Amino acid sequence: QVQLVESGGGLVQAGGSLRLSCAASGRTFSNYAMGWFRQAPGKEREFVAAISRSFGITYYADSVKGRFTISRDNAKNTVYLQMNSLKPEDTAVYYCAATPGIYTLVGSYDYWGQGTQVTVSS
């Protein structure tokens with residue numbers, strides 16, 4: 001089992017930035033690919049970004065490409081999501097997730113954090 005705890009959410013104005021963190025505990029962090037997902041009120045959960053286990057290869061949803069950056073620090077068992085140029089449509093609960101499988105296989109994520117709220121005002 002892997003336990004994930006997100007932090008860093010909050011309220012920002014459009015055009016602002018936030019950096020989300022996800023701290024992991026349990027099995028060796030480096031054994032897992034990591035992803036960020038989000039769910040807005042009344043909408044389905046959607047994929048945001050993912051990063052591979054060993055080489056830091058990243059993948060982004062088109063909606064955030066060029067604005068968000070996912071990174072990981074295996075020594076700190078932490079994954080980050082730097083969010084710049086935030087838009088009101090980015091408002092959602094953001095979830096950190098982990099998978100022992102392929103990072104781009106978004107349906108394979110087995111472990112989830114509790115979520116952190118990001119609200120972007122206009």
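This is a predicted model: local features need pLDDT of at least 70, side-chain atom pairs count only at pLDDT 80 or more; totals for chains, interfaces and linings use all residues.
Residues are numbered from 1 along each chain as its sequence is written, and side-chain values use heavy atoms, with hydrogens and water left out.

**View 1. Phenylalanine 37 and its aromatic partners.**
A search of the whole structure turns up five aromatic pairs; rings of Phe, Tyr and Trp (its six-membered ring) pair if their centres lie within 6.5 Å, and planes under 30 degrees apart count as stacked, over 60 as edge-to-face and the rest as tilted. One of the pairs is phenylalanine 37 with phenylalanine 47, edge-to-face at 5.6 Å centre to centre and with 75° between the planes. This pair links distant parts of the chain, with phenylalanine 37 in strand β4 (residues 33-39) and phenylalanine 47 in strand β5 (residues 46-51), 10 residues apart. Strands (E, at least two residues) are DSSP runs, numbered from the N terminus. Phenylalanine 37 also forms an edge-to-face pair with tyrosine 109, at 5.2 Å centre to centre and 75° between the planes. Here the partners are 72 residues apart, as tyrosine 109 sits in the loop between β9 (92-99) and β10 (111-112). Together, Phe37, Phe47, Tyr59, Tyr109 and Trp112 make up one aromatic cluster.

**View 2. How enclosed are these rings, and what sits over phenylalanine 37?**
Phenylalanine 37 and phenylalanine 47 are both buried, a word that means under 20% relative accessible area, while exposed means over 50% and partly exposed in between (1.4 Å probe, protein chains only). Phenylalanine 37 counts as buried because its relative accessibility is 1%. Tyrosine 109 is buried too, with a relative accessible area of 6%. The charged end of arginine 45 sits over the ring of phenylalanine 37, 4.9 Å from its centre; the criterion is NZ of Lys or CZ of Arg within 6 Å of the ring centre and within 35 degrees of the ring normal.

**View 3. Arginine 19 and the ring of tyrosine 80.**
Arginine 19 belongs to strand β3 (residues 18-26). Its charged end sits over the ring of tyrosine 80, 4.0 Å from the ring centre. Leaving aside residues up to four places away in sequence, arginine 19 touches Ser7, Gly8, Tyr80, Leu81 and Gln82, where contact means heavy atoms within 4.5 Å. With a relative accessible area of 47%, arginine 19 is partly exposed.

**View 4. The nonpolar core.**
The largest nonpolar core has 38 residues; such a core is a set of buried Ala, Val, Leu, Ile, Met, Phe, Trp, Tyr and Cys residues joined through side-chain atoms within 4.5 Å. Those with the most contacts inside the core are Leu4, Met34, Trp36, Val79, Leu81, Met83 and Tyr94. At least two core residues come from each of β1 (2-7), β3, β4, β5, β7, β8, β9 and β11 (116-121).

**View 5. Strand β9 and its neighbours.**
Six of the eight residues of β9 are buried, so this strand is largely enclosed by the rest of the structure. Seven bridges join β9 to β4, and the two run antiparallel; strands pair if DSSP finds at least two bridges between them. Across from tyrosine 94 in β9 stands arginine 38. β9 also pairs with β11 in the antiparallel sense over three bridges, with alanine 92 opposite valine 118 in β11. Two bridges give an antiparallel pairing of β9 and β10, where alanine 98 stands opposite tyrosine 111 in β10.

An open sheet of four strands has the order β1-β3-β8-β7, with antiparallel pairing. β1 and β7 are the edge strands, each pairing on one side only. Six bridges connect β7 and β8, and threonine 69 has glutamine 82 in β8 as its bridge partner. In the loop between β7 (68-73) and β8 (78-83) lies asparagine 77, whose phi is positive, near 55°, in a residue other than glycine. Serine 85 has a positive phi of about 50° although it is not a glycine. At 27% relative accessibility asparagine 77 counts as partly exposed, and serine 85 is partly exposed with a relative accessible area of 41%.
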